[in-house]
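Please read this briefing alongside the sequence and the model. It takes the topics in turn, beginning with a question.

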Amino acid sequence: MQVRNVDYQDAQAPQQFTRSLRETGFGVVRNHPVPAALVERIYSGWAAFFESEEKHRWRYDPATHAGFFPASVSETAKGQRQRDLKEYYHIYPESPVPEQLEADIREYYRIAEGVAAELLGWIEANTPVEVSERFSAPLSGMIRDSRQTLLRVLYYPPLSGSEEPGAVRAGAHEDINLITVLPAANESGLEVKGRDGEWLAVPCDPGQLVINVGDMLQEASDGYYPSTTHRVINPVDAARGRARLSLPLFLHPRPEVVLSERHSADSYLKERLRELGVL
Ligand SMILES: O=C(O)CCC(=O)C(=O)O
Ligand SMILES: [Fe+2]
């Protein structure tokens, strides 16, 4: 199995990228429109936020699920017993954000959403017609003007040594949404599960973007694109003392968008959140 690394500017990029998604559920692109300096500023600004007490004043709103989620309420991946070793901050288009962090994060949201629309166009154009004729709308149109797309700023604290045995940074899971756009994290750790069950590190140098298929694209394509299981493993040696930040943008269609005969985006999301015990 090979997660391809594709030059965004290359004429062959749309085919190569789509092939990687089809074969592995993942693709990596370089030379893309997300400025590396913007991502670096976001990582350092948000590291300071997560390392301050200020974060507790931004605790999430249970009605909207926007805001800061401390480690004590963090997700537990399906089949995992311990909570993930992570904290995060959820941002939707109208969510409140600390003022000193707001301009960069809104800019990132806007640019990454634009890249996602372009990539969905590539996928659409390179999907066999017997699969794409089932799409209820062009894939890039499904996310247009969506208020559901979620930006998650993730902070995995340095390991203290007092973690519960078996607890990991992010337990094996699949994403619920259409696709996920993820700039290279500041530390390694992301792994993808191959068809043969072995775990592979997702190759990702600074400045690159990782894209993965979520359950909604798997559902809309009737399994043609696989929503691949992934996880974040714990660091070893010197890296244990370092925090890891990452910035996934989860692209969600508008609620009324039809995914399949069984599901709209809204009914699908609700079913999955109920399974996760979040609804
Ligand atoms: O932190 C990462 O690299 C991946 C995070 C992830 O898979 C998620 O939040 O769904
Ligand atoms: Fe994920």
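Which residues of helix 7 (residues 265-275) are buried? They are Ala265, Tyr268 and Leu269, where buried means that 20 or more other C-beta atoms, placed from the backbone, lie within 10 Å of the residue's own. These residues lie on the same side of helix 7, because they cover an arc of only 95 degrees around the axis, the arc being that of the directions from the helix axis to the C-beta atoms.

This is a predicted model, in which local features need pLDDT of at least 70 and side-chain atom pairs count only at pLDDT 80 or more, while totals for chains, interfaces and linings use all residues. Residues are numbered from 1 along each chain as its sequence is written, and chains are lettered from A and ligands numbered from 1 in the order in which they are written.

**Overall fold**
- The chain has seven helices and 13 strands, taken as DSSP runs numbered from the N terminus (helices: H or I, at least four residues; strands: E, at least two).
- Along the principal axes, the C-alpha atoms fill a box of roughly 50 × 40 × 35 Å.
- Of the 279 residues in the chain, 36% are buried.
- Among contacts between residues at least 6 apart in sequence, 71% join residues at least 24 apart; a contact means C-beta atoms, placed from the backbone, within 7 Å.

**Helix 7 and His252**
- Helix 6 (215-220) is included in what covers the buried residues of helix 7.
- His252 is found in the loop between strand 13 (249-251) and helix 7.
- His252 counts as buried because 25 other C-beta atoms lie within 10 Å.
- Beyond its neighbours within four places in sequence, His252 is in contact with residues including Ser146, Asn177 and Ala265.

- Among the residues around ligand 1 are Arg152, Asp175, His230 and Ser246; being near a molecule means a C-beta atom, placed from the backbone, within 6 Å of it.
- This shell divides into seven nonpolar, two polar and two charged residues (nonpolar: Ala, Val, Leu, Ile, Met, Phe, Trp, Tyr, Cys and Pro; charged: Asp, Glu, Lys and Arg; polar: the others, Gly among them).
- Strand 5 (150-156) and strand 11 (230-232) each supply at least two residues of the shell.

**Annotated span**
- An unreviewed UniProt entry lists residues 146-253 as "domain: Fe2OG dioxygenase".
- The end C-alpha atoms of residues 146-253 lie 6 Å apart, and the span is 6% helix and 34% strand.

Technical notes
UniProt positions renumbered as here; feature names shortened; annotations may be inferred. Buried ≥ 20, exposed ≤ 12 C-beta atoms within 10 Å, placed from the backbone. Contact = placed C-beta atoms within 7 Å.
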